Structures are given as structure tokens and as C-alpha cells.
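Student: I would like to work through this model with you. Can we take it step by step?

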Amino acid sequence: MTRSQDLAQRAAVVLCVTAALMGPGNLAGASVGTTAVGLSPRPGALVYIANLHSDTVSVVDTGTGTGMVVDSVPVGDGPDSVAVSPDGSRVYVTNSAADTVSVIDARTRTVIATVAVGDEPSRVTVSPDNRNVYVANVGSDNVSVISTRTRAVTDTIAVGDAPLGVAVAPDGCTLFVANAASGTVSVVRTATGTVTGTIPVGSGPTALVLTPDGRRMYVSNLTSDDVSVVDVHDGTETDRIPVGDQPAGIGVLPDGRQVYVANIGSDNVSVISTRGRAVTETVAVGDGPNGLAVSPDGSLVHVSNFDSDTLSVIDTSTARVTDTVTVGDGPTGVAAVQGKAGTARGPNTAPVQLA
């Protein structure tokens, strides 16, 4: 089954949209691969990739110039999303078929804890202060809050239908959750765990990312083939930007000038100018691209191609693919870290996961 077919079946269950998307849901569906990324030399650069079909997370060293898989960490059943703590010391992996989150020690590359969460955990992100991990549970319509200190769930927050994307504001005060079946984004006050607002966006919102200044949010809408631009202060959608077919993973460069969007159905990546609010480049990648992570220095974008089992590496200075690396079976979730214990980037640029 191709990535597009898998997503279409799962979208039918979660979104109940067009007849083209009708079909039985596949809860374990979206996968993540294991990959070596071929990058220009940069000491200690690491990429983590969740491999749903092999129940592992691949650790890729990109500092060699050609890319190398340096480890494979066994996790739970059906890993599909991965996030790294701000200090790079912990890696959190959602196991969609096991309803758990695996906590990996980045130094020893071993699982040090397994935390039970909601039904079909689909996405994960870490708060900027490294105190909490937020997990969107697509099957139970809520978000689990995990304490990084106790490694236990401290709160469960009811949100919209089929929550997928999660992102935390730079100040850590607000959590945003994309609800695929509701066509909305829930706004959550992190201090109290309460929903303070709901923002209507496009159809089938699956991933979202905030600009570094926290003023704008970009939401990829899988079934309306566009990206919503949201004014965070006003809590309103201000624009829709048409992109490719079935936009999924999304990421923003550190300078906030460009947004990259992986389009599953058209096998390419759209490059959006945040100033002009329009697509300025379209980059052909592998088959079924959906996971996307920006390197912390903004020089590279990593895209997992579900249907071709590869990872495409895009040079952001030229908007061109500089390397294509064969990875695991059905690569999906990607997180990039600059240095062995450097700043991580990837929690808010997770791939689409319709379950």
C-alpha cells in the first residue's frame, strides 16, 4: 500500500470527507524510516527517524559529509513521531499501536522509560523549558501531558476531534493542537491545561509550526491542499496559501522568512515566502513525502519519503536536493539536532499521521 493510499484510508475514518478518501482505517499505518542523511560536514549533527514497521528509531550522524546510520534503537509498537528535548539529552517517540511513549537517553541510546498515554498517540513535542512533553492522542481526542522529571502523565486535556499536530509557543505559555476531523486548532493555556480558544482553519489540519517570534502559525491542511496562516495574537486565520497535493509535514526556518511543506500526493516540497505569503519554489523529492524537519542552523531541510523509503536533504540556500538516502520501510517522523547535546529542532515539524 502506498503512503497516499494509506493516508486516504485513514483520513476517511478520521475526517469523514470525500468518497475518494473512504476506506477502512489503518491505525498502524504511517511509518517512519531509518536513515542516513548525506550532508556537508557539520560536527555532531544528528537526525532521529521513527520506523513504524520495524519498531525502531534510527540515529543518523550527518557530520561525516555522506551520512551514516550509527544506531537503531528498539522502541514500542508502531512508532511514528519523534521529538528531542531542547538540550538534546532525551528523545521522545510515540508508539501509535501500543498507546505509549518511549523515552530514549540520547547518550546511551537506550529506552529508559515507557509511558502509557491515550489512544493512538500521533504527535509529540517538548516544552521550551524542558519540563513537559505534550502528546496528541488521535484516537481519544485529547492531549497527554508528561512530566520530564517523573516520566508520568500529569494531565489529560480534551481538545477537538482527531488531534494530530502539536506546537508550543516560544514562551511556553500556550499549546496549539491541530484537530484533523474538526478543521480547527485548539488553543491551550499550559499553566492550567485548559482550552481557551478554537481557531477554524482548512480541511484536515495535520501539522503546524510557529514562527520563531511566536506571532504567526502555519497549518498544513491535508484535504484542502493549502496552508493556513494564523495570527496568534488575534487567534484568527488571516490567509490561505495553496500548495501541493495533500500537504503534511511543515517547518519554518530560524529567520522566519520561509516555510517548507511536504506534499504527499504531488511528491514535492513547497517553499513559502512568509513575507509574500506565496509559494516561491517547488522542490521535487521522493515518493510520498510527509515528514519534515529543519536543521537548527536553518541550512538544511530533511524530508522523509514514505513510498520510496528514502530521505531527501534540501539545501535551503538553493532550494535543491543535495542528497537522497535510502532508509527504513516507510519513513515518517523526523527530528534534527545540531551537535551531540545541542539545540533540537523537529518537535513542531512532525509528519502527518492520520490514524
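What follows is a set of questions and answers on this predicted model.

Student: How many helices and strands does the protein have?
Tutor: The chain has 355 residues, and 60% of them are buried. Among contacts with a separation of 6 or more, 45% join residues 24 or more positions apart. The count of elements is one helix and 29 strands.

Student: Which element gives the largest share of the largest nonpolar core?
Tutor: That core has 15 residues, and Tyr48, Val57, Val82, Val84, Val91, Val93 and Ile104 have the most contacts inside it. Two or more residues each come from β1 (46-51), β2 (56-61), β4 (79-84), β5 (90-95) and β28 (334-337). The largest share is three residues, and it comes from β1.

Student: Which residues does Val91 touch, not counting those up to four places away in sequence?
Tutor: Val91 is among the residues with the most contacts inside the core. Its partners are Tyr48, Val82, Ala83, Val84, Ser102, Val103, Ile104 and Ala106.

Student: Is Asp61 buried or exposed?
Tutor: Asp61 is found in strand β2. The cut-off for burial is under 20% relative accessible area. Asp61 has 15%, so it is buried.

Student: What is the order of the open sheet that holds β20?
Tutor: This sheet has four strands, with antiparallel pairing. β20 and β23 (278-284) are the edge strands, each pairing on one side only. Neighbouring strands are turned by 25° against each other on average, direction ignored. The order is β20-β21-β22-β23.

Student: Why is β20 described as largely enclosed?
Tutor: β20 is an edge strand and pairs on one side only. Its burial is a separate matter: β20 spans residues 247-252. It is largely enclosed by the rest of the structure because the buried residues number six of the six.

Student: Which residue in β21 stands opposite Val252?
Tutor: β20 and β21 (residues 258-263) pair antiparallel over four bridges. Five residues lie between the strands of this hairpin, where Gly256 takes a positive phi near 75°. Opposite Val252 stands Val259.

Student: Which residue in β22 stands opposite Val261?
Tutor: β21 and β22 are joined by six bridges in the antiparallel sense. Their hairpin has four residues between the strands, and Asp267 takes a positive phi near 55°. Val261 stands opposite Ser270.

Student: Which residues of β22 point the other way from Asn268, Ser270 and Ile272?
Tutor: In a regular strand the side chains alternate between the two faces of the sheet. In β22, six of the six residues are buried, so the strand is largely enclosed by the rest of the structure. Those pointing the other way are Val269, Val271 and Ser273.

Student: What is the bridge partner of Val269 in β23?
Tutor: β22 (residues 268-273) and β23 pair antiparallel over six bridges. Their hairpin has four residues between the strands, and Arg277 in the turn has a positive phi of about 50°. Ser270 stands opposite Thr282. Val269 has as its partner Val283.

Conventions. Residues numbered from 1 in each chain as written. Predicted model: local features only at pLDDT ≥ 70, side-chain atom pairs only at ≥ 80, totals over all residues. Heavy atoms only, no water. Buried < 20%, exposed > 50% of the residue type's maximum accessible area, 1.4 Å probe, protein only. Pairing = 2+ DSSP bridges. Core = buried A, V, L, I, M, F, W, Y, C linked by side-chain atoms within 4.5 Å. Contact = heavy atoms within 4.5 Å. Axes fitted to C-alpha atoms, helices over the stretch in contact; angles between N-to-C directions.
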